[in-house]
Amino acid sequence: MLDEKRLIAIWRSKKIEAPYEEFKKWYDSIEKKCCYCGITEDEIKFLLDKQLLFTKRIDTRGRRLEFDRKQSELPYNDLSNIVLSCYWCNNAKTDTFSHDEFLEVGKSFSAIWKKRLENQ
């Protein structure tokens, strides 16, 4: 879960038009897992610590869930267009796949994460 300072920084950097308090209320109300594959930050940390998950960008991305737009062509100004995504799903989805298409791809990622978690 993000601290207040980090959440404000994200709200500003994404140029979310909703007032901060509305954005914070939305963030506090959503489940903290990847919308596509279902992995949580605790599971990501566990897999990284066990060296079962890798990224060259771990200092800048990968340890925390990211904010993704369901419809990439729309800005971050509509909270119903924003979801949490792990680095791997967000990186793979880019603006090539629709939200619904990537929900299908996320099922494959989910199966891989579950297998790695179960084997520990």
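This is a predicted model: local features need pLDDT of at least 70, side-chain atom pairs count only at pLDDT 80 or more; totals for chains, interfaces and linings use all residues.
View 1. Asn 90 sits in helix H4. Which side chain does the side chain of Asn 90 meet in a polar contact? That partner is the side chain of Glu 66, at 2.8 Å. Setting aside neighbours within four places in sequence, the residues in contact with Asn 90 are Arg 61, Glu 66, Phe 67, Asp 68 and Ser 85.

**View 2. Helix H3 and its buried face.** Helix H3 spans residues 41-49, and Glu 41, Ile 44, Leu 47 and Leu 48 are buried in it. Looking down the axis of H3, you will find these buried residues within an arc of 125 degrees, so they line one face of the helix. What covers the buried residues of H3? The cover includes helix H4 (87-93) and helix H5 (99-118).

View 3. Gln 51 belongs to the loop between H3 and S1 and is exposed, with a relative accessible area of 59%. Lys 15 also has a positive phi, of about 55 degrees, although it is not a glycine. You can find Lys 15 in the loop between H1 and helix H2 (20-29). Is Lys 15 buried or exposed? With a relative accessibility of 67%, Lys 15 counts as exposed.

**View 4. Thr 96 in the loop between H4 and H5.** This view turns to a threonine in the loop that joins H4 to H5. Thr 96 is exposed, with 56% relative accessible area; values over 50% count as exposed. The side chain of Thr 96 makes a polar contact with the side chain of Thr 94, at 3.0 Å. How far apart are Thr 96 and Ser 72 in space? From C-alpha to C-alpha the distance is 8.6 Å, while in sequence the two are 24 residues apart.

**View 5. The largest pocket, lined in part by helix H1.** The volume of the largest pocket is about 260 Å³. Among the 14 residues that line the largest pocket, Arg 6, Thr 60, Arg 64, Leu 65 and Glu 66 are the closest to its centre. Helix H1 (4-13) and strand S1 (66-69) each give at least two residues to the lining, and H1 provides the largest share, three residues. How does the lining of the largest pocket divide by residue type? There are five nonpolar, three polar and six charged residues.

**View 6. The largest cavity and its lining.** The structure holds one cavity of 30 Å³ or more. The largest cavity has a volume of about 50 Å³. Its lining is made up of Met 1, Leu 2, Tyr 27, Lys 32, Glu 41, Leu 65 and Leu 84. By type, the lining of the largest cavity holds five nonpolar residues, no polar ones and two charged ones.

Methods: Residues are numbered from 1 along each chain as its sequence is written. Side-chain values use heavy atoms; hydrogens and water are left out. Buried means under 20% relative accessible area, exposed over 50%, partly exposed in between (1.4 Å probe, protein chains only). Helices (H or I, at least four residues) and strands (E, at least two) are DSSP runs, numbered from the N terminus. The arc is that of the directions from the helix axis to the C-beta atoms. Contact means heavy atoms within 4.5 Å. A polar contact is a pair of N or O atoms within 3.5 Å; within protein, one must be able to donate a hydrogen and the other to accept it, and residues adjacent in sequence count only if both atoms are side-chain atoms. On a 1 Å grid over the protein atoms alone, a cavity is a set of points where a 1.4 Å probe fits but cannot get out, and a pocket is an open set with protein on both sides within 12 Å along at least five of seven lines; lining residues have an atom within 4 Å of a point. Grid points are joined across faces, edges and corners, and a volume is the space filled by probe spheres set on the points. Ala, Val, Leu, Ile, Met, Phe, Trp, Tyr, Cys and Pro count as nonpolar, Asp, Glu, Lys and Arg as charged, and the others, Gly among them, as polar.
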